[in-house]
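Morning, everyone. I'd like to take you through one model, piece by piece. Please have the structure open.

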Amino acid sequence: MLMARNLKYLFTFFALCLFMASPQSLADGNRVEQTYFCQDELGAIPIRQGGRVKPLLVHANEIIKYLSGKKSYQNLSAVQTFCLLSLQGMDLANTIKLSARVDHVDAQKFLELPEGTKTIAFKDLVEEIPRLQREVRKQKIQDSRTKALQTLLSQAALYREITGGQNWLLPAVTNQRVDWIPVTSFLREDKILEAKRISQDPFTKVIFDEVERYKKVAGDKHVMEYHFVKAKLPLVSMLLTLLALACLTLFKKFTLALVFSFSTIAVQLALITVRILISGRAPITNMYETVMFSGFGALFLAMIVGHYKKERVYIYMGLMYNACTLMMMNFATGMLSESISPLVPVLRDNFWLSTHVTTIIMSYGALALSWILANTILIKKRFGELSRQDEVYYSDHIYTTLKWGTIMLGAGIILGGVWADYSWGRFWGWDPKETWSLIAFVIYMAILHGRYTSWIPHKRFIPLVAGAFMSIMMAWFGVNYILASGLHSYGFSEGGALFLGSFFLIQTGIIIITTLGQGGSIGSEQTSS
Amino acid sequence: MSTKQESASIHLNDSKAKSSTKKGTGFNVTKLEKTLGGLKFAVILLSLFALAMVVGTFFESYFGTDFANRTVYKTWPFMLLQFGMFISITFAAFLRLPPKKRLYGFYTIHAGLIIIGAGSFMTYYAGVDGSLVLPPNTPNREVILSDDVLKIRFPDEGRLVSFKLPYTGFSTNIDEVYQDIKLGRYLPFAEKEFRWQEPRQKYQPSEPLHSTQYTLANEMVAQDFTLSLHPESIEFESNLTLGPLTIHYLPDSLAQCFGQNNPSKLILWDRSQASCYTPEDKKIAIKKADSGRRFLVVEHKGDLLSFFPDVSPWPLDQEMKVKRGAELRIFSKKLFEEKPNLFLFGQATAFYDKDEDQWFQKPLKRNQPVEIPWMGFELIMENHQISKVPSLVPTKVLPIQKNNEMIKGSTRALELIVQDQSYWVTNDQPVQLLINGKRVVFLLQKESLKLPFEFVLTRFKMEKDPGTNRAASYESFVRLFSENGPENHHIYMNNPLKHQGFTFYQASYSQDRQGNYSSTLSVNVDPGRPFKYAGSLMLVFGSMWHYWLNFRRRKKGKVSPLVAGLEEPPVS
């Protein structure tokens with residue numbers, strides 16, 4: 001492969017990112033010894049929270065992460081922590097000292113934290129609830145301070161609900177009917193005493209007996225989700241993609257790379273399929289799912305096009321982009337939430353919506369391929385070697401991915417119009433999400449048209465393609481994380497703006513460094529006309 | 001669209017051949033046509049279009065949807081840009097005539113775009129896009145559109161005049177005259193600012209005109225309020241209810257009588273003199289009627305007036321008829337002892353303290369808190385004006401939108417100049433004036449459209465996600481009254497109702513304080529719809545066709561896409 005040598009650097013860079021992001025080993029401060037019956041097996045039991053039934057493992061992971069920023073506490077898993085905190089409502093004491101992160105400086109001041117302290121124990125935070133409530137109500141304008149206080153308030157309220165034993169809901173089956181009751185009323189003394197006669201561990205027995213009855217009435221979909229979460233498919237597919245990439249670029253074993261690529265596709269297909277089975281809808285309704293789908297779609301598309309064009313560089317583009325998306329899914333968990341929650345009414349049962357978003361996300365994937373290749377060429381040209389012939393050769397492949405990407409983007413925008421017409425009766429409403437996808441489309445159109453004028457020779461074409469992807473990122477993330485208004489409702493989080501800002505900065509930096517280094521020759525080369 | 005340049009890219013020899021055939025077949029291409037259909041023109045337009053949209057989305061994010069529409073998307077420069085693209089696309093296709101087989105896809109794409117453009121224009125020109133609010137069991141046929149209008153109603157003549165206001169984002173001077181009414185500044189985005197204004201008319205010195213600003217606060221809450229007796233005050237009244245507390249604002253001359261703990265707890269108020277006295281002051285006997293009710297007879301300017309103070313403040317004359325609006329009236333403090341009532345007289349207050357079973361009257365000094373006997377509240381007098389009018393005057397602002405809600409600039413206001421006096425009519429406050437003895441009502445509203453049929457919301461159904469308060473779906477059951485008699489329909493998300501060319505979609509809902517749901521339907525007429533769909537199909541299939549033709553040509557080795565530059569038809 002022509003570009004293999006320099007890809008090593010890129011690969012090392014990603015590998016380095018991987019190590020830096022891996023969780024730090026926990027300091028063994030205060031282990032929690034008394035765990036009653038709170039074992040990890042409880043993760044498999046169903047709980048109804050946030051509008052759907054899910055395994056306790058999923059709920060506990062989400063809750064403990066929301067409260068403390070981590071999915072575990074000292075030597076305890078999220079399930080154990082959640083269980084122990086809930087038992088506090090039944091006067092079963094524990095030694096857990098869960099703390100909330102207080103990052104906002106004004107919030108630290110409001111809570112009168114000592115200098116340099118960025119956490120507050122929930123036991124203390126709960127005491128502050130009335131004061132927080134008053135402060136939040138007083139604010140008319142939503143600034144970042146109010147938002148930080150609001151988050152603290154809802155965290156504290158949630159903690160109070162959990163430790164009151166009101167958040168852990170368990171199924172109670174009576175005559176084919178399931179009621180969800182809090183753990184404090186579920187574990188009644190008479191039930192426990194009765195179970196104690198037959199079992200060593202009466203609590204667990206009472207719970208699992210009821211879960212068996214529940215399964216007979218309501219099925220065991222939550223068990224599938226439990227095993228799904230346990231399988232950690234995003235992590236598996238990330239490792240497979242990185243292996244494939246290593247085989248392709250470092251070891252130059254193309255067949256092996258292909259084998260790993262196919263395995264990645266298979267694992268991701270399983271990941272997507274199970275998510276569809278759990279949520280009962282197309283896997284494209286929040287940021288996490290769109291990122292997941294675009295990486296998969298791009299690799300899939302790249303493998304097909306690569307096969308027909310008999311060109312390995314497509315496999316490289318697909319793997320590289322897939323690796324990016326999978327790293328985001330595994331490490332950027334603050335920005336992309338993997339939780340599955342019910343949709344707002346307009347997004348439900350909608351054929352046009354599914355078709356529209358699928359097409360758009362596939363187009364983002366295809367255009368991301370062009371972005372990967374354009375940046376690779378830029379870096380390779382600046383810091384390695386790339387003949388003019390190769391540059392022209394590769395920009396032909398960039399053109400192929402652009403062709404796929406823009407057709408799908410155009411079709412996706414039109415399908416979006418059809419969906420809007422079907423749901424609201426208007427084809428186009430200048431909603432920021434649709435406007436930004438049109439902006440991205442128009443920018444790519446300007447580049448493709450301009451390429452046949454003297455304004456955009458090859459030397460400008462490649463950096464422009466690399467830069468144009470910023471408009472896709474803006475349409476995809478920026479509208480939600482920066483503009484944050486309009487009808488489209490996939491999530492909204494603070495970390496997103498930071499991520500997007502750094503992306504724009506790095507991408508602009510790459511373009512500046514790689515083109516300025518080429519001296520004054522830009523634009524001197526012109527296509528014949 | 002993405003593809004025309006490649007199809008147009010042909011070898012140099014080829015293009016020379018083409019230009020000569022063009023001349024031969026009579027296709028003369030002028031320099032202007034070449035420029036308009038040229039790629040550079042297209043690139044410039046595309047870049048400007050993208051730039052304008054970027055500005056639009058940021059405006060939308062900061063200033064709101066309405067502002068972005070008024071300043072970017074629905075302005076003539078932006079429309080002109082779209083028209084320019086329309087021209088560019090048309091000429092690009094025209095320049096590549098007569099038809100060539102390899103350009104069939106390209107023609108389809110461009111024709112598709114032109115048809116979409118035509119369809120959009122038809123929607124813009126002849127379409128309807130509005131909303132219909134259906135409160136429970138109340139018939140409605142009025143569709144609210146987006147244009148702002150001033151409606152001038154002459155109730156005596158039963159006449160209504162409508163005046164369309166400009167679709168602008170900024171303060172505009174209308175400068176139009178209708179009869180004696182001049183329209184001044186129009187503020188599409190305004191905030192109401194509190195101001196003390198000089199009265200427009202002269203008043204008798206005895207007439208109470210004062211207005212006061214107060215703050216009522218305890219440790220938990222603080223509430224500012226303004227009360228006024230001035231007849232010109234529109235926004236501020238003399239009564240206010242704050243939770244369980246009722247506040248009465250009375251003329252200052254009544255204050256001293258409230259402080260007297262006279263046994264009868266009655267106060268007589270003479271409006272003509274702006275003075276008060278108690279029955280005890282004038283030694284008026286309080287008798288008991290056969291029914292056991294108290295009554296008293298007072299001589300006032302020669303008339304004998306009888307009062308039943310525990311029933312009504314108004315007197316009965318000699319014929320025992322109620323004299324509403326009489327100069328003399330009576331207050332029975334007894335009636336205000338059961339529930340919390342706070343009496344304010346500008347610079348004094350009076351209230352009944354249940355614990356002490358006594359009425360108190362206290363003077364209020366600026367910024368000095370006075371304790372009142374409910375929930376630890378303190379009353380602070382902030383400002384007192386004897387004759388100035390408290391008013392909310394609209395001032396222009398840049399709007400702010402957060403989380404789909406206007407938090408600043410949600411008021412629309414228009415200045416009316418009548419007989420050299422300026423009045424503000426706003427979207428939430430109509431203005432009523434007497435012009436040359438005739439009543440005239442001004443309303444600032446949205447343009448509306450009367451449907452030829454009528455709707456009633458018979459039932460609204462909302463389903464929630466299990467165990468939460470989030471709406472999972474909302475559905476309207478409506479009864480439609482048309483010439484064919486009533487029909488029942490069920491409208492919900494993704495299941496619109498089509499009737500007589502109108503389409504009704506479930507858009508949103510609202511809930512009033514009693515918990516009743518109102519449903520909002522969006523109403524739509526789109527004559528351009530078939531064109532937009534046909535054009536879109538042509539666009540997508542044209543692109544595919546085009547790439548297919550290109551792919552075949554490339555396979556045959558006819559074209560190398562990257563080496564060739566674009567050859568445009570030469571100027572003839």
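One definition before we start: the expected span of a helix is 1.5 Å times one less than its number of residues. Keep in mind that this is a predicted model.

Now use that definition. Go to helix H16 of chain A, residues 351–383. H16(A) has 33 residues. From its first C-alpha to its last it reaches 48 Å, close to the 48 Å expected.

Is H16(A) enclosed by the rest of the structure, or open? Largely enclosed, because 26 of its 33 residues are buried. For burial, the cut-off is 20 or more other C-beta atoms within 10 Å.

The largest nonpolar core has 139 residues. Which element gives the most to this core? H16(A) does, with 17 residues. Inside the core, Met317(A) and Val442(A) have the most contacts. Take Met317(A). Leaving out residues up to four places away in sequence, Met317(A) touches Ala302(A), Leu369(A), Ile372(A) and Leu373(A). There is another core, lying apart from the largest one. This other core has 42 residues, including Leu67(A), Ile120(A), Ile162(A) and Leu187(A). As background, nonpolar side chains in soluble globular proteins tend to be buried together.

Next, domains. Chain A is assigned two: domain 1 covers 37–225, and domain 2 covers 232–521. Taken over C-alpha atoms, their centres are 37 Å apart. How many residues of each are in contact? Six from domain 1 of chain A, with five from domain 2 of chain A. On the domain 1 side, that is one nonpolar, two polar and three charged residues.

Now a single residue. Find Phe461(A), in helix H19 of chain A, residues 458–483. Phe461(A) counts as buried because 22 other C-beta atoms lie within 10 Å. Setting aside neighbours within four places in sequence, its contacts are Ser395(A), Arg451(A) and Ile456(A). Compare the position of Tyr73(A). Phe461(A) and Tyr73(A) are 388 residues apart in sequence, and 51 Å apart in space, C-alpha to C-alpha.

Strand E12(B), residues 287–288, pairs antiparallel with strand E13(B), residues 294–300, over two bridges. Lys287(B) stands opposite Phe295(B). E12(B) and E13(B) form a hairpin, with five residues between them. In that turn, Gly292(B) has a positive phi of about 95°.

E13(B) also runs antiparallel to strand E14(B), residues 303–307, and five bridges join them. There, Glu299(B) stands opposite Leu304(B). The E13(B) and E14(B) hairpin has two residues between its strands. Which residue of this hairpin takes a positive phi? Lys301(B), near 50°.

Last item: where the chains meet. The contact takes 50 residues from chain A and 53 from chain B. Look at the chain B side. Elements giving two or more residues there include helix H5 (65–73), strand E28 (471–482) and helix H9 (529–555) of chain B. Which element gives the most? H4(B), with 14 residues. By class, this side of chain B has 26 nonpolar, 20 polar and seven charged residues.

That's the tour. Questions, please.

Technical notes. Residues are numbered from 1 along each chain as its sequence is written. Chains are lettered from A and ligands numbered from 1 in the order in which they are written. This is a predicted model: local features need pLDDT of at least 70, side-chain atom pairs count only at pLDDT 80 or more; totals for chains, interfaces and linings use all residues. Two residues are in contact if their C-beta atoms, placed from the backbone, lie within 7 Å. Helices (H or I, at least four residues) and strands (E, at least two) are DSSP runs, numbered from the N terminus. Ala, Val, Leu, Ile, Met, Phe, Trp, Tyr, Cys and Pro count as nonpolar, Asp, Glu, Lys and Arg as charged, and the others, Gly among them, as polar. Domain bounds come from an automatic or database domain assignment. A residue is buried if 20 or more other C-beta atoms lie within 10 Å of its own, exposed if 12 or fewer, and partly exposed in between; C-beta atoms are placed from the backbone. A nonpolar core is a set of buried Ala, Val, Leu, Ile, Met, Phe, Trp, Tyr and Cys residues joined through C-beta atoms within 7 Å. Two strands pair if DSSP finds at least two bridges between them.
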